[in-house]
Amino acid sequence: MRRTSAEALTGVSVPLVCLTDVRKTFPLPGGAPLVAVNDVSLSIAAGTAVALTGPSGSGKSTLLHLIGAVERSDGGTIDVDGQRVTGLSGGALAAYRRRIGFVFQRFHLLPTLTALDNVMAPLIPFRTAFDKAARARELLAMVGLADRSAALPSRLSGGQQQRVAIARALINRPAVLLADEPTGNLDSQTGTAIVDLLLRLRDEHATTLIMATHDTGIAARCDRVVQMRDGCLTSLDR
Amino acid sequence: MSQWRVRLRRSLALLSMIAVAVAGFTLLTGAAVTSRLDTVGTVAANYRPVYDLLVRPADAVLPLEQQRNLVQSGQLAGMRGGITVDQWRQIQAVRGVSVAAPVAMIGYVMRTVPVTVDLSDQLDPTAERQVLRVQPTWVTDAGLSQIPDGPAYLYVTRNRLDVVPNSELESGGGLPPPEEVDADGQRVKICPAASSVGEGDWLQPTDLRARSSLTCVGRAGSTDREGKAMRPVVTLVWTVPFLMAAVDPDSEAALAGLDRAVTTGRYFTSAEKPTSHRLDGMRYPYSKLPILIADRPQIEGALRIDVQRLNPGATQLVRSGSDDQRLRAALGNESGTPVAQRTMSIDEPYRTMVDRMLRPGQLAIEYDVATANTMWLHSFWTVGPANTVQAEDGLSAQPAPYDLKIWGKGADDGGSSRHVPMEFADTGVRGGVAIHRNTARGYDPQAGGVNMPDTAMGAVGTFDPAKISLGSALSAVPMDTYFNPGADGADEASRQALGGERLVPNANVTGLLSQPPLMLTTMAALPAIFDPGAYSTEPAYPEYQLNTAAPISVVRVRLAGEVGIDPLSRERVRVIAEEIARRTGLQVDITLGSSPTAMTVYYPAGNYGRPDLAVAEPWVQKGVAAVLVHAADRKSVLLSVLVLAVCALAVLNANTAAIRARRTEYGILACLGWNRRHLLQLMFTEIAGIGFVAGFVGTALALGFAFVLGLDIPWSHTLLAIPAAVALALLAGGWPAWRAARPDPGEVIRPAVLGVAVRRQAPRRLSTLALANLARTPGRTALGAMSLMIGVAALTMLLAITFAFRGTVTGTLLGDAVTLQARTVDYVAVAVTIVLGIVSVADVLYLNISERAAEFALFGAVGWTGAMLNRLVVIEAIGMGVIGGTLGAAAGLGAAAAFAGGINAPIVWCSVAALASGVAVTALSVVVPIAMLRRLPTAQLLAEG
């Protein structure tokens with residue numbers, strides 16, 4: 001299991017992701033605000049695969065967005081790998097986002113870019129010490145698409161597109177991989193293959209995986225299952 | 001929810017675009033119509049100058065005038081007639097002619113006044129004997145020419161001076177010099193008399209050896225030759241050439257209001273003739289010409305006097321007994337100390353001169369060398385036209401050397417040759433200088449050696465040239481008979497040399513600029529001068545002779561009744577002009593509808609400091625009014641068409657974008673079974689509704705701006721705006737609606753990525769990614785580029801129209817006034833075009849960002865900073881700007897070239913300027929889209945895709 005930087009320093013086991021009383025509301029026209037995440041506290045150890053489950057609108061995606069700093073919380077604190085995420089802004093926020101990998105239900109591939117270029121897309125504006133293309137190829141090989149690197153998204157199946165999206169999420173070697181319904185747009189067989197891939201990557205790279213899903217079968221394959229309803233945690237398995 | 005928001009935003013965007021287009025169109029067409037009316041109004045108000053036609057002898061017209069449809073000014077003084085009195089009568093008899101006012105040039109008459117310089121205050125009270133030098137310098141040409149005259153010396157002694165009084169002079173004995181009686185009783189001869197010279201020995205009258213003087217003054221009790229007490233004064237002479245011309249009193253009163261410009265005395269009576277007189281005790285009669293004199297000099301010039309006290313050695317020179325010539329030369333070499341400086345302008349001596357001419361009866365008392373000629377017209381001079389050759393952009397005056405001794409020929413008394421203006425020594429550009437001397441017909445040459453002319457001048461009054469009616473300054477025609485406005489510097493160097501002043505005529509009658517006549521007499525008096533044999537000419541070349549058969553130089557014609565700017569009136573004027581030309585064979589120029597323009601004339605450097613100058617003479621451009629009205633009509637139409645096109649295309653863009661944004665919605669409706677008619681109905685109802693509201697908003701905007709800019713928009717335009725907005729919206733929405741009404745339902749449900757299957761170059765940098773994005777949605781990029789292309793093309797066209805309009809009409813005073821008037825509408829047009837461009841491009845960028853919002857959200861989620869996202873948008877915008885701008889500049893250049901009939905440098909610059917502003921506009925137009933980028937709901941977009 002991967003050790004966090006705090007563990008490395010102190011030798012004491014510290015959770016990689018730590019949410020304390022995190023709250024997120026959305027204003028609604030002419031009524032009380034919608035409470036999407038309601039004072040959620042949650043600790044996730046490094047290298048764990050966590051499944052967030054619950055019905056639609058239970059706050060799974062919002063919680064992922066809060067951890068990924070795509071949304072700002074209205075209250076509480078979020079710490080990831082010893083860094084206080086709540087309160088970050090500007091360049092520090094962008095730098096934090098580069099340490100997180102995000103996989104979406106709809107893939108969000110750029111249609112004009114090849115699979116290889118899509119994997120490299122997050123690095124376009126940056127100079128890197130490593131060879132971007134080599135790393136992208138390596139990642140494509142890892143997701144089993146070494147021979148499809150020159151293909152445009154329109155020439156890839158849904159499962160292949162999601163694999164490209166996963167490779168893209170790993171380009172910055174993130175500590176945490178957030179996946180929002182990664183199999184939602186896929187048939188069950190392809191979905192299973194994608195989950196296999198995600199879990200394999202977790203095993204190989206000791207990445208912490210937090211995945212929102214309403215598929216109980218998929219959830220059961222994770223180390224922990226966290227259930228949500230109306231923005232609250234209803235069950236913390238293990 | 002978000003679809004509804006997108007739909008509302010698109011509708012609002014379309015509404016604002018139509019409102020801006022309607023406001024721009026209303027404002028601009030309103031302003032263009034007002035500007036056209038203003039132009040025509042200004043032209044009509046300044047259409048009629050003082051005279052409608054100018055009749056001249058055919059040989060008086062320069063080729064340049066004919067080539068460029070011009071009429072020169074300042075020509076009168078150099079003309080020697082060419083039109084007969086019969087021809088003048090023929091012109092008067094032409095039907096439709098109300099006034100035919102002739103001018104017959106006579107020539108220059110020299111008049112002088114003494115200028116007494118009292119040196120009492122400059123004397124050294126302690127010196128026993130002293131010599132003062134008075135150095136006169138003539139300052140002219142705005143101070144550029146400083147012409148030194150011969151110095152006057154004053155010898156002052158405390159001893160008594162004895163002179164032989166005039167009454168005791170022996171006939172033929174010459175003038176004995178004064179004798180200074182020293183304290184020891186010794187008598188020293190001083191101040192030798194100037195030796196008389198024969199005609200053969202004459203120096204040029206501007207030769208300084210002939211122009212210096214020596215005056216000797218003794219202590220109190222010494223008297224001069226006339227028995228008056230001696231005073232420490234020297235007398236200088238100020239000479240003014242008066243140009244004399246003959247006019248017809250009735251015509252001149254009707255045309256120029258000369259009768260109302262009389263300031264003292266009286267005006268001429270109708271066809272006033274010379275009166276016959278006889279001097280007391282004389283056998284022979286003389287005739288007196290009625291004369292009106294200008295009460296101001298109308299020429300420029302000043303006299304600077306420097307007084308120096310010479311070193312004591314100078315007194316010994318005076319007492320050395322040398323002759324006059326050598327003594328003055330020796331005194332010239334003596335150094336001295338400056339003790340005073342004075343400057344006087346021409347005004348005072350001129351007034352004195354006019355005063356003396358008005359009261360000739362008192363002259364006998366003051367008869368002296370300087371005033372001898374005040375009444376008699378012994379002689380006068382004529383000069384030819386300025387010697388010019390055509391230069392690239394105007395005329396170049398050439399020096400015309402001549403023998404200056406000709407001016408001395410008029411000196412009937414031995415000493416007056418030095419009374420020629422010193423300015424004559426400066427460079428001349430007019431040749432053909434001739435003197436015309438009275439022959440005193442009927443005098444018996446043997447009768448006691450009387451040397452009296454048979455012609456005199458009798459001043460009846462003075463007139464003020466400023467009171468002459470010259471008409472509007474914008475349509476001023478040459479009125480050389482009354483004034484010469486002078487000429488400004490035509491280039492920077494000349495303007496600088498002139499110190500911002502204007503070059504005006506001076507006493508050098510062979511200079512470039514000639515004075516207007518300062519003396520006027522009547523046509524009926526002409527025979528006294530022009531009858532064959534009355535005056536004899538020297539040199540006796542035939543071309544120098546007075547034109548006794550055809551003494552009139554020009555006839556200015558005013559037509560009867562109202563003459564308007566309408567084609568019928570113009571045709572009537574043309575017919576009358578042709579009739580005059582047919583009857584007389586003379587050159588007839590239509591000055592109606594003309595306006596002053598600047599003609600560059602190069603004036604060679606003078607002998608006394610004036611550098612080479614380029615000056616702008618106020619010539620007249622013919623037919624300006626018609627050109628102006630035509631250009632204003634054309635510009636008004638072009639502007640309206642251009643703005644209509646720009647507005648329609650801007651609305652087309654907005655409509656296309658709006659319909660594009662709702663493609664999915666229409667696709668779903670089609671999937672649900674709506675047919676094309678249903679879809680079209682839906683779209684057109686929405687578009688018409690938006691157009692209707694936009695019409696109101698646009699009208700309110702237009703009225704607001706019109707109020708702020710002070711434009712007067714016709715009500716018809718305001719009322720038309722709302723139906724026009726609806727029509728514009730429907731028209732511009734027609735094509736996109738037609739296309740959108742047959743959507744491919746599959747396109748709606750197909751994932752976006754399936755639409756593209758083309759391999760592009762790998763974008764490894766922001767700039768290449770931006771370009772790849774532009775290539776990814778070529779239709780939308782084309783839409784954005786087209787918005788800009790239209791804006792830039794319109795701007796190029798507009799700048800070209802404005803330049804072409806100005807180019808057509810400027811260069812004349814009336815044209816400049818009209819251009820100034822039209823400036824507001826030009827600015828408004830440019831502003832409207834640029835605003836429409838900005839709004840169009842911003843709209844396209846806005847649509848781009850809305851449609852690719854999820855992508856931007858993704859980049860944000862993977863760690864791109866806000867600045868990186870902004871850069872991506874700016875690069876895309878500039879890319880679109882460069883494509884659209886280049887195409888627009890090329891299209892505008894082509895259209896402008898077709899309009900102007902060829903490509904020229906200003907048009908190319910217009911297109912470059914429009915291209916630059918187009919790219920700048922795209923950079924500006926990212927402001928709103930970038931603000932929108934910051935408000936993107938990233939999480940929502942990522943969740944929904």
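Helix α11 of chain B (residues 567-584) has 18 residues and spans 26 Å from first to last C-alpha, close to the 26 Å expected at 1.5 Å a residue (the expected span is 1.5 Å times one less than the number of residues). Helices (H or I, at least four residues) and strands (E, at least two) are DSSP runs numbered from the N terminus. This is a predicted model, in which local features need pLDDT of at least 70. Residues are numbered from 1 along each chain as its sequence is written, and chains are lettered from A in the order in which they are written.

**Exercise 1.** Find which residues of α11(B) are buried, and where they lie around the axis.

*Solution.* Step one: a residue is buried if 20 or more other C-beta atoms (placed from the backbone) lie within 10 Å of its own, exposed if 12 or fewer, and partly exposed in between. Step two: Ile576(B), Ala577(B), Ile580(B) and Thr584(B) are buried. They cover an arc of only 100°, so they sit on the same side of α11(B); the arc is that of the directions from the helix axis to the C-beta atoms. Step three: the face turned away from them carries exposed residues, including Glu571(B) and Arg582(B).

**Exercise 2.** Decide how β25(B) is covered, and name its partner strands.

*Solution.* Step one: Val554(B), Arg556(B) and Arg558(B) are buried on one side, and Val555(B), Val557(B) and Leu559(B) on the other. Step two: strands pair if DSSP finds at least two bridges between them. β1(B) pairs antiparallel with β25(B) over three bridges, and six bridges join β3(B) to β25(B), also antiparallel.

Terms used
This is a predicted model: local features need pLDDT of at least 70, side-chain atom pairs count only at pLDDT 80 or more; totals for chains, interfaces and linings use all residues.
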